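Subject: Structure handover

Hello,

My notes follow below it.

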Amino acid sequence: MGYLYSLLKEKKLKHILVIATGALLSPIMTAQKESIPSVAHAISLEVVE
């Protein structure tokens, strides 16, 4: 994240969107061939002048 932060400080980038994803796995659900629920968390960084 330090590299992206330095680009923001140098005003080479104005907006960055970071998204972390994951799946909520359960052996029962996968055995029954059901869809696997997932989650995502997003962080938006932007330069405000």
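Predicted model: local features only at pLDDT ≥ 70, side-chain atom pairs only at ≥ 80, totals over all residues.

Residues are numbered from 1 along each chain as its sequence is written, and side-chain values use heavy atoms, with hydrogens and water left out.

Confidence. pLDDT is the predictor's confidence in each residue, from 0 to 100. The protein chain averages 87. At least 70 is reached by 94% of the residues. Strand β2 (residues 38-46) has the highest confidence, at a mean of 93. Helix α2 (residues 27-31) has the lowest, at 73. Helices (H or I, at least four residues) and strands (E, at least two) are DSSP runs, numbered from the N terminus.

Charged pair. There is one salt bridge (a side-chain nitrogen of Lys or Arg within 4 Å of a carboxyl oxygen of Asp or Glu). E10 pairs with K12 in it. Their closest N and O atoms are 3.4 Å apart. E10 is partly exposed, at 48% relative accessible area. K12 is exposed, at 60%. The classes are buried under 20%, exposed over 50% and partly exposed in between (1.4 Å probe, protein chains only).

Strand residue. A40 lies in strand β2. A40 is exposed, with a relative accessible area of 52%. Not counting residues up to four places away in sequence, A40 touches I19, A20 and T21 (heavy atoms within 4.5 Å). A23 is 17 residues from A40 along the chain, and their C-alpha atoms are separated by 8.8 Å.

Best wishes
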